[in-house]
Amino acid sequence: MSDVSIANEESKSPLHLVLGELIGLWLLANAGYYLILPALGFDLSYNSAPILIALYFLLWAGVALFYYRNIFTRWLTVEHRIWVHIVWSLGFAALIWGLLYEFAQLPILTGIRLAPYTDILFATSWYFLPKSAEVLVQQILITVLVLDLSYRFHSFKKVVLSYMACFGGAHVILFLLNGTPTPYAVLMTTGAVLSSLVFPYFILRVKEGFVYTYTIHLVFYIVLAMLLHAWPPPGYIV
């Protein structure tokens, strides 16, 4: 697939408004997570209420798909055969299952708990149920951003650089606003910047690009958890 825009051509909103919408939707999803769940008596931890949190983020995935339905219906043309997506999804599901099986063999860490930032340090396999739903929301918004940038610039290089600036910058702003611990903020922002080397290419030039990027995004967290459990950071022990 060429890198010519396949986004919603009827949308001519300024870029800052598009970014504002994307960030606003993500902030609303997170506001509900931080405010509604504690009000209902649930801990802010993917490890303590995995099914409830997964359902919560799946709801927001549905909201995002509905809100940006025009973009996705234009992007998912007939050449994007649904059975191909299903086959690739099953293959990647097997990969993820294998990684989670290996992850389950690693020891559980002990140390200071600061949910949600230390959740991944104490993760069990259940942790990745809500994480997979959260990543789905993120990947929907990322896809919208890439498609919109492609529509605006008609140059793959400019799309990559703009995505890097927008996505990396959004992480910095969000982490500054919510007082995220510096090590966590640096790690996640670095991952966001590095994703510019992968996500725009798959979304714009590979038919099953969304499936690829979603899998890469989720596998990143699984591998990170495996590394953190195998080599714990200072202050955390097996």
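Mentor: Contact here means heavy atoms within 4.5 Å. This is a predicted model: local features need pLDDT of at least 70, side-chain atom pairs count only at pLDDT 80 or more, and totals for chains, interfaces and linings use all residues. Residues are numbered from 1 along each chain as its sequence is written, and side-chain values use heavy atoms, with hydrogens and water left out.

Trainee: Which residues does Thr189 touch?

Mentor: Leaving aside residues up to four places away in sequence, Thr189 touches Gly168, His171, Val172 and Phe175. Thr189 itself sits in helix α7, residues 182-194. Helices are DSSP runs of H or I with at least four residues, strands are runs of E with at least two, and both are numbered from the N terminus.

Trainee: Why does Thr189 count as buried?

Mentor: Buried means under 20% relative accessible area, exposed means over 50%, and partly exposed lies in between, with a 1.4 Å probe and protein chains only. Thr189 has 15% relative accessibility, so Thr189 counts as buried.

Trainee: How far apart are Thr189 and Ser155 in sequence and in space?

Mentor: They are 34 residues apart in sequence, and their C-alpha atoms lie 24 Å apart.

Trainee: What makes Lys131 and Glu134 a salt bridge?

Mentor: The rule asks for a side-chain nitrogen of Lys or Arg within 4 Å of a carboxyl oxygen of Asp or Glu. The closest N and O atoms of Lys131 and Glu134 are 3.0 Å apart, which meets that rule. The two residues are separated by about one helical turn because they are three residues apart in helix α5, residues 128-153. Lys131 counts as buried at 4% relative accessibility, and Glu134 counts as buried at 7%.

Trainee: How many salt bridges does the rule give?

Mentor: Two. Asp148 and Arg152 also form one, at 2.5 Å from N to O. Both residues lie in helix α5, four residues apart, or about one turn of the helix. Asp148 has 6% relative accessibility and counts as buried, whereas Arg152 at 25% counts as partly exposed.

Trainee: Why is Leu55 called exposed?

Mentor: Leu55 has 53% relative accessibility, so Leu55 counts as exposed. The largest share of the patch, three residues, comes from helix α2, residues 50-67.

Trainee: How do you know that helix α9 is largely enclosed by the rest of the structure?

Mentor: Of the 22 residues of α9, 16 are buried, so the helix is largely enclosed.

Trainee: What span should helix α9 have, and what does the model give?

Mentor: The expected span is 1.5 Å times one less than the number of residues. For the 22 residues of α9 (residues 209-230) this should be 32 Å, and the end C-alpha atoms are 31 Å apart, which agrees.

Trainee: How does the radius of gyration of the protein stand against the globule rule?

Mentor: The radius is taken over C-alpha atoms, and the rule is 2.2 Å times the number of residues to the power 0.38. With 238 residues, a compact globule would have a value near 18 Å; the protein has 18 Å, which agrees. The protein has nine helices and zero strands, and 47% of its 238 residues count as buried.
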